[in-house]
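Dear colleague,

Please find below the structure that I am handing over to you, followed by a short account of what was found in it.

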Amino acid sequence: MPTVSVKWQKELLTGVEIDTSQPPYVFKCQLYDLTGVPPERQKIMVKGGLLKDDADWSKLGVKEGQKLMMMGTADEIVKAPEKGPVFMEDLPEEEQVVVAGHSAGLFNLGNTCYMNSTLQCLHSVPELKSALIKYPHSGRSNDLDQPSHLLTVATRDLFSELDKSVKAVAPMQFWTVLRKKYPQFGQLHNGSFMQQDAEECWTQILYTLSQSLKTPNLSENLDAIKGLFGIELVSRVHCAESGEESSETESVHSLKCHISHEVNHLHEGLKHGLKSELEKSSPSLGRSAIYVKDSHINGLPRYLTVQFVRFFWKRESNQKAKILRKVDYPLELDIYDLCSDDLKKSLEVPRQILRDEEGKKLGLKSKPKSSSSTVNDVKMSDAEGSSKESGESSMDASEEGGVHDKEMQLTGVYDLVAVLTHKGRSADSGHYVAWVKQESGKWIQYDDDNPIPQREEDIVKLSGGGDWHMAYICMYKARVVPK
């Protein structure tokens, strides 16, 4: 094997052996080890021109001690990082939550999945967390009982702990004060705590917070819970037999989706839920009579809660039985046709703005406004400023986001953000799980202490029809537009 020297830039490499039984490419690899110049960049001058990778050494006439010339630039030397890799477990817990993209799960303290799933759904409402943060750390208002005050403090502290932790949290303090405030959640059977109805837990927590998160020092006596979840209903109560008719108004925290053999979709169930029959005393007939109550939505919430009425009392078995019928529900829910005429009128302008915004995203041009429509917009704006039916009152409770919610308008269109499901045949047994949409748009299934990422297309498959998890409570967030 001949030994040569190679001149490269200012360096002279001596004693470089050439194995003539191997192609020149192997020689170039030797030079790469010595200089850092990749073979494809090397230009080596030999007899007849440049050295090719597959040339025949016997025809090149390379002699012992010959001096070869090489041109080419070396690869840049990769520097070691100034800061070594940081593993997730080495980060502070607050930063771990950001990296994980979701908050912590909750340990099951003994048939407490009904409570855990309820808390995970409510915890996903940033405006509720903001209202809880403002709740005073010490002292309570004179008209609030001590257990309600303690439950509010426990809710605030638990939500704060969930936001700061990626490891599962044990909600022991919350569960203790929940049982003190509502003893039914502390019922025992054979020495163990009994499974409870998640909807009852949801309702009782919101009722307590509606009492504690009021601001009685302000003239308008703002109720944060009513602002976020309150649905104003106006009802016509009519008796066909006597001809009597009256109207009623009420505020509720959820709509009911009644399930029958005619109901295949959430929208159909909501229509059934807004119409009911009741028996009461008729002044004109002097006896009991059947009245029909026909309700419409007259004020919209920021978060629309829907309960699927899946459980009923079965006398034969003396327990709550479950309706397993499949009822589909959408990712986007429009409840415009469930609203009163007054509310529909006030929603026309914001809905047109929403259509124009969505049209722009699709590359469509919005329709130019006529002079008459401009006049109507002014009239509508005046009406919204003086009428509660505009649905804006529910927006005042929040200051989340860049624009204050007082500068936003509701549209009657809602997006699904949380689903509470039940698996099993009875409300007092089985298993409850929360499925919550994160700020990133990803869905997380909170099965007690185990958060599991899920695909959005799988969320709407929790519609029932078997023994798998099926939607019991759905929570929708209002789609809003600027004024």
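Val 237 stands opposite Lys 293 in S12. This is a predicted model, in which local features need pLDDT of at least 70 and side-chain atom pairs count only at pLDDT 80 or more, while totals for chains, interfaces and linings use all residues. Residues are numbered from 1 along each chain as its sequence is written, and side-chain values use heavy atoms, with hydrogens and water left out.

Strand S12 (residues 287–299) runs antiparallel to S8, and 7 bridges join the two. Strands are DSSP runs of E with at least two residues, numbered from the N terminus; two strands pair if DSSP finds at least two bridges between them. An open sheet is formed by 4 strands in the order S9-S8-S12-S11, with antiparallel pairing. Its edge strands, S9 (245–252) and S11 (275–282), each pair on one side only.

Ser 235 lies in strand S8 (residues 231–238). Its relative accessible area is 2%, so Ser 235 is buried (under 20% relative accessible area, 1.4 Å probe, protein chains only). The side chain of Ser 235 makes a polar contact with that of Ser 295 at 2.6 Å; such a contact is a pair of N or O atoms within 3.5 Å, where, within protein, one must be able to donate a hydrogen and the other to accept it, and residues adjacent in sequence count only if both atoms are side-chain atoms.

As to the cysteines, Cys 201 is buried at 0% relative accessible area, and Cys 339 is buried at 1%. The search of the whole structure finds 0 disulfides (pairs of cysteine sulfur atoms within 2.5 Å).

Yours sincerely

Terms used. Buried means under 20% relative accessible area, exposed over 50%, partly exposed in between (1.4 Å probe, protein chains only).
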